[in-house]
Amino acid sequence: MAVNDMDFFHQATIRICGSLEIDRVLENCFDYLKAYFPVDAICLNIYDPEMGAIRSIAIKSEFPERLWKSPVVLSPEARAYVEEQHP
């Protein structure tokens, strides 16, 4: 499916910003992106400074049984980098 860059990013932005319901946003983005890329999952992650870990707060996947749903604890170096880049 051919589309120019501006149309692609405009449509992606509409899907990302088109709802306040995170699950709906992920589903809309997932369905749109898989028409252009070999995508089998999309996740919304946050950095939890208290845990020192990345946590998935919403996931849409063709294969949910394959997903790693546990927090990913970062190394001290990675934590320092994240906290330096995003104070």
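How many disulfides does a search of the whole structure find? The search finds zero disulfides. The close-up views described below are taken from a predicted model.

**View 1. The cysteines C17, C29 and C43 and the distances between their sulfur atoms.** C29 takes part in no disulfide, and the cysteine sulfur nearest to that of C29 belongs to C17, at 8.7 Å. A disulfide requires two cysteine sulfur atoms within 2.5 Å. The sulfur of C43 has its closest cysteine sulfur in C29, 12 Å away, and this is too far for a bond. C29 counts as buried because its relative accessibility is 8%, whereas C43, with a relative accessible area of 34%, is partly exposed.

**View 2. Helix 1, which runs over residues 5–17.** The helix comprises 13 residues, and the distance from its first C-alpha to its last is 18 Å, close to the 18 Å expected at 1.5 Å a residue. At the start of helix 1, N4 places a side-chain oxygen within 3.0 Å of the backbone nitrogen of M6. D7 is also located in helix 1. The relative accessibility of D7 is 41%, so this residue counts as partly exposed. For orientation within the chain, D7 may be related to W68: the two residues are 61 residues apart along the chain, and 33 Å separates their C-alpha atoms.

View 3. With a relative accessibility of 12%, D48 counts as buried.

**View 4. Salt bridges involving E21, R24, D31, K34 and E62.** The count for the model comes to four salt bridges. In one of them, the side chains of E21 and R24 meet with an N to O distance of 3.9 Å. Both partners are partly exposed: E21 has a relative accessible area of 48%, and R24 has one of 45%. The side chains of D31 and K34 meet in another salt bridge, with an N to O distance of 3.7 Å. D31 is partly exposed at a relative accessible area of 37%, and K34 counts as partly exposed at 36% relative accessibility. D31 and K34 belong, together with E62, to a network of linked salt bridges.

**View 5. A nonpolar surface patch formed by I22, L44, I46 and I57.** Together, these four residues present about 290 Å² of accessible area. L44 is partly exposed, its relative accessible area being 33%. A residue joins such a patch if its relative accessible area is over 30% and it has no salt bridge.

Notes:
Residues numbered from 1 in each chain as written. Predicted model: local features only at pLDDT ≥ 70, side-chain atom pairs only at ≥ 80, totals over all residues. Heavy atoms only, no water. Patch = residues over 30% accessible without salt bridge, like charges linked within 9 Å, V, L, I, M, F, W, Y side chains within 5 Å. Areas by Shrake-Rupley, 256 points an atom, 1.4 Å probe, with all protein chains shown as cover. Buried < 20%, exposed > 50% of the residue type's maximum accessible area, 1.4 Å probe, protein only. Helix = DSSP H or I, 4+ residues; strand = E, 2+ residues; numbered from the N terminus. Expected span 1.5 Å × (residues − 1). Polar contact = N/O pair within 3.5 Å; in protein donor to acceptor, adjacent residues only side chain to side chain.
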